[in-house]
Structures are given as C-alpha cells and as structure tokens.
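Thanks for coming. I will go through a few local features of one model, so please have the sequence and the structure open.

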Amino acid sequence: MKPTLPNLQSDDISSNINRPFNIGLEGGSCPIGTIPIRRITKDDLIRRREFNVSYGTKPYTTFEGGYKRLLQILVAISLLLSYAKVEARESLSEVEDLELERQLKLINKPSIKTIKTNYGDVYDCVDFYKQPAFDHPLLQNHDFHPEMKPTLSKSRIDASASSFERPSKIGLKGDGCPTGTVPIKRLTKEDLIRHRHMQGMDESRKANGNNISNSKASTSLDDHQPYEYAETQFPSIDTNIILGGGMIATVHAPIVKKDQFSGARVRLEAGLSDAVELGWIVGGKGCFNTLCPGFVQVNTEISLGMPFEPSRIGGPVRSQLMYMEQDTANGNWWVMLGEDYTQVGFWPKGIFTTLQVHALGAKYGGIAYSPQGIPEPPMGSGLFPNKNFLENAYFRKCSFMCVINDKLQTYSLDQIRTYTFESNINFYRLQDFRDQGDVLGHLIIYGGPGEVKLM
C-alpha cells in the first residue's frame with residue numbers, strides 16, 4: 001500500500017548578491033609604536049568563565065568553535081539535541097535580573113542528589129512526581145509513576161553502529177539518580193533569556209496570522225519563519241496510520257551565531273496542529289527542556305540537556321539511533337535513544353489534539369534558522385552531499401512504523417512514496433538513496449555551507 005503523494009516543488013529562490021566586506025580600523029590606524037587591542041567587556045568575561053568551566057584546557061573540547069554539546073527538548077512539541085549556550089548574558093536591568101532569580105527559584109525543583117558533569121552542567125535528582133512536566137495544566141491529575149513501561153511493538157531496525165561509525169554515548173557518570181527520582185538539568189539565567197527570545201517570536205507569529213494557541217500542544221519549529229530545509233518527506237494523508245519513526249543519525253556541530261540554529265530531525269505530524277520531533281540542534285532559542293512542561297522524564301541516567309559528542313570531518317563519525325513510538329495501550333509518545341532503544345521518557349497523549357490517535361506523515365532531514373539580515377548558518381557537517389561518510393551528515397536506516405491491513409510493523413522509507421524538499425539549493429542540498437543494503441537501508445545525505453559571503 002503506497003499512498004499517492006502530490007508532486008510538490010519548492011518556490012523559486014532569487015539569487016543572492018555577494019559583496020566583499022572591509023576589515024580594519026575606521027579613521028586610520030594606531031600611531032607608530034602602538035598596536036590595536038580590543039577592549040574587554042563584561043560579556044567577554046562571562047563567556048570566558050563559562051568556557052573554562054565547560055571545557056578546561058583539553059584541545060579536543062575546543063573544536064568547532066567550542067560549542068557545548070547538549071541534549072535538549074523543545075516542547076514545541078519537539079525533542080532535539082542542542083549543543084550551544086547563550087554566547088554571553090544580555091544586559092539586564094536590576095529589576096529584570098531579580099525577576100529571573102525569582103523564576104529560577106520556582107522552576108528549579110528541590111533535589112535529593114546533585115550530579116555535576118565534566119562539562120560543568122548540574123543535574124538535580126528530582127522526585128519523579130515533582131518534575132517540571134507536571135506543572136503542565138493538563139497533567140495536574142495524572143496517574144503516571146516512575147516504574148512505567150510502555151506497550152511497544154517488537155518490530156525494530158538493527159541499530160548497530162556501522163564499521164565507519166562510533167556510537168555517541170550519553171548518560172550520567174556513575175549510577176545516575178536514585179530510584180524514584182529523575183535527572184533534571186538545573187536551569188540558568190541564560191536559559192530563561194533564551195526562552196524570552198522565543199516568546200518574542202510567538203508574538204510575531206500571532207501577528208502573521210499563524211496563531212495556533214488554541215491547540216493543547218505547544219507550537220513547533222515549523223510554525224516560525226524564516227526557516228530553511230533539506231529533507232525527505234511524506235506528507236500527512238488521512239489514510240496513513242503512523243505510530244512511530246526514526247533513523248540512525250550522525251551528530252554534528254555546525255558553527256552558528258547568536259540567535260541562529262542548525263540541526264536535523266525526524267518529525268511525525270498529524271495535520272497542522274500537532275507534531276513531535278527528535279534530533280539534534282546547535283544553537284537556537286526557544287522552549288527548551290523544563291521551560292515548557294509536558295515531557296515526562298522516566299530514565300534515571302539519561303536526561304534532557306546531557307553532554308553529547310558530535311562527529312568531526314574526516315572522523316571519528318558519531319552516530320545515535322533516535323526513535324519515537326506511540327504506546328499502543330494508552331497513546332503516549334515515547335522517546336528512545338541508542339542501540340538498545342533506551343526509553344528516556346514520553347509526551348502524554350492528553351497534551352495533544354490530533355496526535356492522540358496517530359500521526360499521518362513524517363519529515364526527515366536538516367533544518368536551519370537565521371534572523372533577517374544575518375547570513376544563513378551551515379547545515380549538517382557544513383558540506384554539500386557527496387556520499388563521503390567521513391565528511392557528510394546523513395541519516396541511515398530511515399524507517400517508520402505503520403498499520404497496514406491491521407498489522408503493525410516497521411517499514412523502511414523504501415516502502416512508501418517520498419519526495420525531497422530543498423528550500424534553497426544554493427545553501428543546502430539533499431541526496432536521497434533507496435535500498436542501500438542491510439547497513440545503510442534508506443539513506444539520506446544532507447547539508448551545506450549556508451549563505452557564504454565571498455571576500
């Protein structure tokens with residue numbers, strides 16, 4: 001059964017004019033015998049302090065601009081990996097600073113145990129029933145408990161790492177949090193500042209007539225513009241019954257500027273109102289982690305906001321299985337990571353509208369965002385696809401779980417008609433390969449340098 005999909009094409013993209021930029025001091029140079037030295041600001045000192053705490057002096061921690069590798073959630077409704085923190089704290093008034101302090105006291109829950117990572121992040125072991133998820137107004141009378149086990153299909157793809165990959169390990173050192181508690185990353189003022197930026201974008205979305213705030217679920221990345229995409233899609237069709245999807249993805253750290261992001265994801269959606277996403281993202285602003293309650297943490301060792309090592313061009317290649325699946329017993333959407341499909345947590349059925357039943361379509365690939373006037377960032381590894389697995393960003397064994405003839409089974413994307421969408425081929429491209437054998441399966445290679453300004 002292969003649904004017939006429309007033959008969509010991206011809008012024509014106007015060419016960009018590259019202009020050289022000048023470098024040097026205005027008004028001439030310094031007097032003979034002197035040299036120009038940039039004056040250091042408070043923001044520079046904050047940035048330096050955060051970098052030293054996170055990385056120390058080991059050379060390997062400073063590659064790709066020294067961006068922090070974090071697993072984060074955008075409950076928009078979206079789960080993505082994020083590897084950047086705010087470049088430097090905004091200039092805040094005394095009143096604003098005090099308000100952030102007040103919010104932090106409300107958001108950061110009392111802990112039974114505290115764990116500090118080698119990256120300087122602090123995780124609080126919070127009582128399962130006191131985790132931020134249950135601040136959601138629709139979860140006030142929940143019946144969830146820390147020993148929850150979902151009813152999931154046994155139909156799985158082989159998630160073993162290939163000969164040219166290394167699995168990207170994730171988890172707290174030691175034994176993690178005690179039974180009955182879950183690890184929650186302690187939020188900082190920078191997290192709240194990032195969240196405030198996203199709220200500003202929400203207002204602009206309402207002004208543009210795309211307000212979907214009546215939905216029980218929050219909005220997702222796709223509800224804001226401008227975004228750029230390089231992805232394989234099969235759109236929502238009423239006859240599709242999608243109960244899961246995922247892939248084995250390489251993880252990368254493209255360099256982004258403040259207020260930009262670049263990442264990759266699998267997105268399961270049901271019409272325009274609901275979607276869940278799983279992947280990785282560098283930079284960004286928005287409703288990360290516990291700032292937007294709704295995702296119920298269950299795992300005691302893996303948490304949202306956890307260090308996650310990316311690939312380097314030329315190797316090593318770091319990969320991770322990322323999979324979402326709906327619990328057939330109660331409709332909750334579970335997130336799983338790694339070769340053994342480790343269960344991290346779930347989005348409860350009750351916070352959704354259309355996704356309460358099942359998904360109707362999916363998207364797999366790269367996504368990038370940049371504010372107006374700032375050149376688009378790199379995507380993936382920063383290189384256009386050339387089927388070089390030591391250089392390119394890719395998804396392999398792309399799959400989805402579907403009910404066909406009353407039978408629930410995992411299928412390769414080879415089994416359904418898909419099409420590719422590249423919003424701007426001057427910046428980002430995608431190659432889609434069907435039936436690439438047992439190791440690669442359905443293969444998607446994507447990426448690009450972004451909007452490069454020539455000298």
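D158 is partly exposed, at 48% relative accessibility, where buried means under 20% relative accessible area, exposed over 50% and partly exposed in between, with a 1.4 Å probe and protein chains only. This is a predicted model, so local features need pLDDT of at least 70 and side-chain atom pairs count only at pLDDT 80 or more, while totals for chains, interfaces and linings use all residues. Residues are numbered from 1 along each chain as its sequence is written, and side-chain values use heavy atoms, with hydrogens and water left out.

D158 sits in the loop between β4 and β5; strands here are DSSP runs of E with at least two residues, numbered from the N terminus. On the surface, D158 belongs to a patch of negative charge together with E339, D340 and D438. Patch members have over 30% relative accessible area and no salt bridge, and like charges are joined within 9 Å. Asp and Glu count as negative, and the charge is placed at CG of Asp or CD of Glu.

Next, the salt bridges. The structure holds 11 of them, each being a side-chain nitrogen of Lys or Arg within 4 Å of a carboxyl oxygen of Asp or Glu. In one of them, E277 meets R265 at 2.7 Å, N to O. E277 is in strand β10 (residues 274-283) and R265 in strand β9 (residues 261-270), so this pair ties together parts 12 residues apart in sequence. E277 and R265 are both buried. R267 and E269 also pair, at 2.7 Å from N to O, and both of these are buried. In the bridge between R318 and E309, the closest N and O atoms are 3.6 Å apart. R318 counts as buried, at 13% relative accessibility, whereas E309 is partly exposed at 32%. Through shared partners, salt bridges join E231, R265, R267, E269 and E277 into one network.

Now the cysteines. How many disulfides are there? The count is one, taking a disulfide as a pair of cysteine sulfur atoms within 2.5 Å. The sulfur atoms of C125 and C177 are 2.1 Å apart. The link of C125 and C177 is left-handed, with -80° about the S-S bond. This pair links distant parts of the chain, 52 residues apart: C125 is in strand β4 (residues 122-127), and C177 is in the loop between β5 (166-167) and β6 (181-185). C125 is buried at 0% relative accessibility, and C177 is buried at 6%.

Definitions and conventions: Helices (H or I, at least four residues) and strands (E, at least two) are DSSP runs, numbered from the N terminus. Patches are made of residues with over 30% relative accessible area and no salt bridge: like charges are joined within 9 Å, nonpolar side chains (Val, Leu, Ile, Met, Phe, Trp, Tyr) within 5 Å. Accessible areas come from the Shrake-Rupley method with a 1.4 Å probe; for residues, only the protein chains shown count as cover.
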